[in-house]
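Work through the exercises below with the structure open. Each task is followed by a solution in steps.

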Amino acid sequence: MQSINPATGQIIRDYPEHGPAELAAILDDVAKAARDFSRTTFAERARCMTALAELLAAEAATHARLITLEMGKLLREAEAEIRKCSLVCDYYAGRAEAMLAPMPVLTAVASSVVAFEPLGVIMGIMPWNFPFWQAIRFAAPAIMAGNAVVLKHAPNVCGCALAVEDLFRRAGFPENVFRALLIPVDMTEAVLAHPAVRGVSLTGSVRAGRSVAALAGKHLKKSVLELGGSDPCIVLADADLALAARTGAAARLQGCGQVCIASKRFIVVKEVAERFTELLVAAMSRYEPGDPMDPGTTLGPMAREDLRAALAVQIRTCVDMGARLALGGHVVDRPGFFHEPTLLCDVARGMPAYGEEMFGPAAALLVAEDPARALFLANDTPYGLGAGIWTADRDLAMSLARRVEAGTVTINGMTKSEPALPFGGVKNSGYGRELSEFGIREFVNIKTIRTF
């Protein structure tokens, strides 16, 4: 496995993979740790989770630099990612016990109680775009519930995976409660087949989701899938167009456009489409590719060369099919994996930008005759992760929000995840939820206890 600096194209480090025998030994160690850890109290877990939050906050600059080095995120965005990790650790440290408290239920028998108990070992398969947040977002609730965790991270962020493992260890969690697995994709089944592994959480592509769901089904393991999106952003005639354009540009180009929940398709009603296009082009034009370590840089590189090449094919195909480039459209001629901010207009059904996820600094703009047509276009996608609506009419916004097929809808703002709210999607964006009380209950045994 190899880490490559996306800003330069230079190799950072090679990491040796865990072979089959080493993997089997790790899984056995984690299984034993899970049995012991399941008997710890919430107070004991919370002490360690609070310590983890404090470590993350104290070492934010160090870990942010590693994120930027391995996957190219702007340093200030990487620092914000680490701070968010600290918040989610604090959130579950203080709330997990109440969220998983036994629930008495009035029935015909003397006593009926619903209890929430740990399952065992939970596997996380996580992507590179938020290499600390994705791992800790998954692991913090699973571990506070009393489970142990193994992480198969993306191969280009092995340094981040090992750093997260080290953080859990230094926070005082027992050895082997969190382990990073440096394994290729074809060893995933060996992990899911282990009898102590009782569930899997994947954030990744639809193809990866289908594969993991099939393996989880084969081995009868619980699964939660978050598979990205082609998120719509509806802009109506009475919206604050300037604010919508600035926010839309910031959302789309955060992380060099490699954010699953960012608005990717701007669906604008006809009467303001020309003006909004001008504003969006102006806003996106302010983002200049440069060194992600430089505090003045506004757009970093894409994480890998193959991802940049795939985006270039999607853009070229759209243009060949009749789309118009209002901005950008090309790779940047410099070392590293940089791409221009890009806006495609005249996007129509059948083009990649209409229904596929474009994972890079490229947005699509579609024009709708009216709000009803805008809603149709928003839902005319196989995905359903996030969505945005911009309008001054709060009642109309709420009506549209209830009919948008998505796991999260944001009105007049940027879509983000936060610890207190459930996060996940519908349709090809996956199933199950992370974060909030819904997330911590995904990987527990919901046990009914009846007494006569």
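**Exercise 1. The sheet**

Which residue of β9 does Thr203 stand opposite?

Solution. Thr203 stands opposite Glu226 in β9. Helices (H or I, at least four residues) and strands (E, at least two) are DSSP runs, numbered from the N terminus. This is a predicted model, in which local features need pLDDT of at least 70 and side-chain atom pairs count only at pLDDT 80 or more, while totals for chains, interfaces and linings use all residues. Residues are numbered from 1 along each chain as its sequence is written, and side-chain values use heavy atoms, with hydrogens and water left out.

Next, take the strands that hold this pair. Strand β8 (residues 197-203) and strand β9 (residues 222-226) run in the parallel sense and are joined over five bridges; two strands count as paired if DSSP finds at least two bridges between them.

Then place both strands in the sheet. The open sheet has six strands, ordered β7-β6-β5-β8-β9-β17, with mixed pairing. At its edges are β7 (178-180) and β17 (430-431), each of which pairs on one side only.

**Exercise 2. Salt bridges**

How many salt bridges does a search of the whole structure find?

Solution. The search finds 20 salt bridges, each being a side-chain nitrogen of Lys or Arg within 4 Å of a carboxyl oxygen of Asp or Glu.

1. Lys32 and Asp36 are bridged, with the closest N and O atoms 3.3 Å apart. The two residues are four apart in helix α1 (residues 20-37), which means a separation of about one helical turn. Lys32 is partly exposed at 48%, and Asp36 is partly exposed at 36%.
2. Arg170 bridges to Asp166, with the closest N and O atoms 2.8 Å apart. This pair is four residues apart in helix α6 (residues 158-170), again about one helical turn. Arg170 is partly exposed at 41%, as is Asp166 at 29%.
3. Asp346 and Arg324 meet at 3.4 Å, N to O. Asp346 lies in the loop between β13 (342-345) and α12 (352-355) and Arg324 in strand β12 (residues 324-327), so this bridge ties together parts 22 residues apart in sequence.

Salt bridges also link Glu165, Arg169, Glu175 and Arg179 in a network.

**Exercise 3. Helix pairs**

What angle do α3 and α4 make, and what angle do α2 and α5 make?

Solution. Helix α3 (residues 60-71) packs against helix α4 (residues 75-99) at about 125°, with the axes 8 Å apart. That makes α3 oblique to α4, because angles under 35 degrees count as roughly parallel, over 145 as roughly antiparallel, 65 to 115 as roughly perpendicular and the rest as oblique. Residues in this contact include Ala60, His63 and Ile67 of α3 and Leu75, Ala78 and Ile82 of α4.

Helix α2 (residues 42-58) and helix α5 (residues 133-144) pack at about 160°, with their axes 10 Å apart. α2 is therefore roughly antiparallel to α5. Phe42, Arg45, Ala46, Met49 and Leu56 in α2 meet Ile136, Ala140, Ile143 and Met144 in α5.

Technical notes
Buried < 20%, exposed > 50% of the residue type's maximum accessible area, 1.4 Å probe, protein only. Axes fitted to C-alpha atoms, helices over the stretch in contact; angles between N-to-C directions. Contact = heavy atoms within 4.5 Å.
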